[in-house]
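Reader: I'd like to go through this one label by label. Could you tell me what stands behind each of them?

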Amino acid sequence: MQNAMGTTSAASAAAPEKPSLKARALDEFRHYVVITLYLWLLFALFSLYRRMILQENGISVWAQSFAIINALVFAKVILLAQALHLEAGLRKYPRIWIVLGNAFLFGIVCIAFHVGEDATKAWWAGRPLSTSISDFGGGTVSGFLTIGAIFFVALIPFFGMQEVARAIGGQALWDLFLTGRTQAFRLIEE
């Protein structure tokens, strides 16, 4: 399939060249940075909102430092899950289902790792592990579902952009959004 820039994608090329180890490492690092920045923004906003809610009730908390740590860890988790092709079963469906399935799957992964992180912090502080669950979404089923829904919705644009990049090519998507020049793109389906 030809992408928006008029070049042939690696998937449809007869004999694509295998990128060098350096090129693959640089590409993987670039993906890691993009995922980390997206998640950092998401977690920082969660933390800020939590702080505002707790301050309304007279509780002073500041946990912004964990937002970048969480983003770094969760970005690596997402990269590893993608490397393991956890979403491979979704590839036979239309792209919207791939996006929604990935958002759901990785939302669950993020929640599981967040609960695990809270449990580790509770264990480290010598508190019962049950306090870590009560800290996450109030420890209620509706709290878990609400935070899960927020993660799900917040991950939809991220995985949507990944699917668009897969369809038209990463460089074409980059050029479309981040260059100052006006360009006309034309998708050619083969």
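**Behind the labels**

Author: Let's start with Arg166, which has a relative accessible area of 47% and is therefore partly exposed. Buried means under 20% relative accessible area, exposed over 50%, and partly exposed in between (1.4 Å probe, protein chains only). Keep in mind that this is a predicted model, where local features need pLDDT of at least 70 and side-chain atom pairs count only at pLDDT 80 or more, while totals for chains, interfaces and linings use all residues. Residues are numbered from 1 along each chain as its sequence is written, and side-chain values use heavy atoms, with hydrogens and water left out.

Reader: What makes Glu163 and Arg166 a salt bridge?

Author: The rule asks for a side-chain nitrogen of Lys or Arg within 4 Å of a carboxyl oxygen of Asp or Glu. For Glu163 and Arg166 the N to O distance is 3.2 Å, so the pair passes. Both sit in helix 5, three residues apart, about one turn of the helix. Helices here are DSSP runs (H or I, at least four residues; strands are E, at least two), numbered from the N terminus.

Reader: Why is Glu163 called buried?

Author: Because its relative accessibility is 2%, and the cut-off is under 20%. Arg91 comes out at 31%, so Arg91 is partly exposed. Shared partners join Arg91, Arg95, Glu163 and Arg166 into one salt-bridge network.

Reader: How many salt bridges does the rule give?

Author: Four. One of them joins Asp27 and Arg30, with the closest N and O atoms 3.1 Å apart. Asp27 and Arg30 both lie in helix 1.

Reader: On to rings: why is the pair of Tyr38 and Phe158 called tilted?

Author: Rings of Phe, Tyr and Trp (its six-membered ring) pair if their centres lie within 6.5 Å; planes under 30 degrees apart count as stacked, over 60 as edge-to-face and the rest as tilted. The count comes to seven aromatic pairs. Tyr38 and Phe158 are 5.3 Å centre to centre with 35° between the planes, hence tilted. Tyr38 lies in helix 1 and Phe158 in helix 5, so the pair ties together parts 120 residues apart in sequence.

Reader: And what makes Phe158 and Phe159 edge-to-face?

Author: Their planes are 80° apart, at 5.1 Å centre to centre, and over 60 is the requirement. Tyr38, Phe106, Phe158 and Phe159 form one aromatic cluster.

Reader: How do you know that Phe159 is buried?

Author: Its relative accessibility is 1%, so Phe159 counts as buried. Phe159 is also among the residues that touch the most other members of the largest nonpolar core, which has 24 residues. A nonpolar core is a set of buried Ala, Val, Leu, Ile, Met, Phe, Trp, Tyr and Cys residues joined through side-chain atoms within 4.5 Å.

Reader: Which helix supplies the largest share of this core?

Author: Helix 2, with seven residues.

Reader: Last one: is Phe158 buried or exposed?

Author: Phe158 has 9% relative accessibility, so Phe158 counts as buried. Tyr38, its ring partner, is partly exposed at 26%.
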